[in-house]
Amino acid sequence: SYSDNPAVVAEHAIAFMDEHSSRNIITSTKHFPGHGSALADSHFGFTNITNTWEERELDAYELILDEMQPDMIMTGHLYHRDFDEDHPVSISHKAVNGMLRNELGYDGVVISDELFMQAISDNYTLDEALILTVNSGTDILLFNTNLCGSRCGSEENISLARYAIQRIARAVDEGDISQSRIDESYERIMSLKQKRMIPTSIERPDTDMPLAIELEQNYPNPFNPTTTIRWQQSEADRVYLAVYDLMGRRVEVLVDESRAAGMHQVRFQADARLASGVYLYRLQANGTSITRKMSLVK
């Protein structure tokens, strides 16, 4: 917390975000709508700010939003009866979609505070929290663990990510969450990733000397489901070409063998299980590694 003066808070926050942005580092302001006046710790239970919260706690957000759209804003597990009589801000459609997005004009990524904090887990089941958080307009659900047991109805630890994805998908099928709500978050998250991804393609230097290896943009791009990747290498060498998702997980190895000097190409057919989005393809050969982006649109 930079200060109790909203103008000072905004000035310092903007400077912090600008510096990180210049280095393609994602930042998040927190905790909306203001945690400074809370008398309880939401890690350990219900946190009611109705009688202590002041309107000026929003001033820093308004000042920041007048200057820029933060990469992310994190909501707090904070209850205020004037914002929502039934739910804390972090799982409230009235607070996230109505107040933050519609009234203040924020259209970036909203990330929840940690959803196993007792302000939520003491009052809602995991299934309830998942559905309420998604429906609030929140884009990223934050957890402090990759595993869950009894909270997921399991006698042993299972993947929390898999459980959450399957539960949310079922809620969409059952009509408890709209497909458009999922699409909105997907678009916001992908837009942020593309904005902050470090440029990975290399440019030809101002010289007549040929590069050791050149990797072309795939064609077509965007594609569905097949695209062609071409490269040229100046000398024979072992070539490793693979496709990755934006989390760095390898999707498929396309080439892992020796190739002669010259122009080469390979076709990549997206597996039916791959979701629409941006993927990376990385070529390693002749002592050089080059990465480019491609978009799968289904």
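Reader: What sits over the ring of Phe116?
Author: The charged end of Arg151 does, 4.1 Å from the ring centre; a charge sits over a ring if NZ of Lys or CZ of Arg is within 6 Å of the ring centre and within 35 degrees of the ring normal. Tyr244 has Arg282 over its face, at 4.9 Å from the ring centre.

Reader: And what should I keep in mind about the model and its numbering?
Author: This is a predicted model, in which local features need pLDDT of at least 70 and side-chain atom pairs count only at pLDDT 80 or more, while totals for chains, interfaces and linings use all residues. Residues are numbered from 1 along each chain as its sequence is written, and side-chain values use heavy atoms, with hydrogens and water left out.

Reader: How many aromatic pairs does the structure hold?
Author: The structure holds five aromatic pairs, where rings of Phe, Tyr and Trp (its six-membered ring) pair if their centres lie within 6.5 Å, and planes under 30 degrees apart count as stacked, over 60 as edge-to-face and the rest as tilted. For Phe32 and Tyr61, the centres are 5.2 Å apart and the planes stand at 85°, so this pair is edge-to-face.

Reader: Where in the chain are Phe32 and Tyr61?
Author: Phe32 is in strand 1 and Tyr61 in helix 2, 29 residues apart, so the pair links distant parts of the chain; helices (H or I, at least four residues) and strands (E, at least two) are DSSP runs, numbered from the N terminus.

Reader: Is Phe32 buried or exposed?
Author: Phe32 is buried, with a relative accessible area of 0%, and Tyr61 also counts as buried, at 9%; buried means under 20% relative accessible area, exposed over 50% and partly exposed in between, with a 1.4 Å probe and protein chains only.

Reader: Which pair is tilted?
Author: Phe46 and Tyr79 form a tilted pair, 5.3 Å centre to centre with 40° between the planes. Phe46 is partly exposed, with a relative accessible area of 46%, whereas Tyr79 is buried, at 14%.

Reader: Changing topic, where is Thr27, and what is it in contact with?
Author: Thr27 lies in the loop between helix 1 and strand 1, and is buried, with a relative accessible area of 7%. Leaving aside neighbours within four places in sequence, Thr27 is in contact (heavy atoms within 4.5 Å) with Phe16, Met17, His20, Asp71 and Met72.
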